[in-house]
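Please look over the sequence and structure first.

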Amino acid sequence: MTASTITSTDQEFVRRAINNAVENVAGGNRPFAAILVGADGKIIAEDTDRTALSGDPLSHGEVNVLRTGLQKVGFEAVAASTLYVNGEPCAMCAGTILRSGVRRIIFGLQGSHVGPYLAGEPKLGERYASAAIFAVAGENISVTPGVLEDEAHRPFKAYVARTAGPR
Ligand SMILES: [Zn+2]
């Protein structure tokens, strides 16, 4: 597992994912969003975590964009793309990423920082351990954590503020 050099374009896509995650929270969903960007720099798919409203626990942003991307542009184009996420992918998504062929992943808030925001929810302590899954891919995958880390707290703070109050 290696790390990428981060460009201003990479930062903009992470920022976009952060903003999408904030909107997702405002819409009653969980604080996660993902964007799949092709080698040409154009967005192939962007989506959010829709587990809260759909009732489908597999409906994470990463899974959603990878499924859409594979259907839309096929395996080779997806393998050449970059996946941006506002927070660290969970273990399920890390496995999905490996199966999808994507080799460049860039995300905002690291799981160790995400965990406390979701501390009231069951089993979340271990759910963000994506590093062990990504390690399976060895040097074939580039995972860069902590991009725009300060901004990346926003959706989680919004989520805590929304879920802590009266429903
Ligand atoms: Zn996930």
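This is a predicted model: local features need pLDDT of at least 70, side-chain atom pairs count only at pLDDT 80 or more; totals for chains, interfaces and linings use all residues.

Residues are numbered from 1 along each chain as its sequence is written.

**Overall fold**
- The protein chain has 9 helices and 5 strands, taken as DSSP runs numbered from the N terminus (helices H or I, at least four residues; strands E, at least two).
- Of its 167 residues, 42% count as buried, meaning that 20 or more other C-beta atoms, placed from the backbone, lie within 10 Å of the residue's own.
- The C-alpha trace spans about 45 × 30 × 30 Å along its principal axes.

**Nonpolar core**
- A nonpolar core is a set of buried Ala, Val, Leu, Ile, Met, Phe, Trp, Tyr and Cys residues joined through C-beta atoms within 7 Å.
- The largest one has 42 residues, and Val14, Ala17 and Leu83 are among those with the most contacts inside it.
- Helix α1 (residues 8–26) gives the largest share of this core, 7 residues.

**Helix α3**
- Helix α3 (residues 61–73) has 13 residues, which at 1.5 Å a residue should span 18 Å, and its end C-alpha atoms are 18 Å apart, which agrees; the expected span is 1.5 Å times one less than the number of residues.
- Its buried residues include Glu62, Asn64 and Leu70.
- Just after α3, glycine 74 takes a positive phi of about 85 degrees.

Technical notes: A residue is buried if 20 or more other C-beta atoms lie within 10 Å of its own, exposed if 12 or fewer, and partly exposed in between; C-beta atoms are placed from the backbone.
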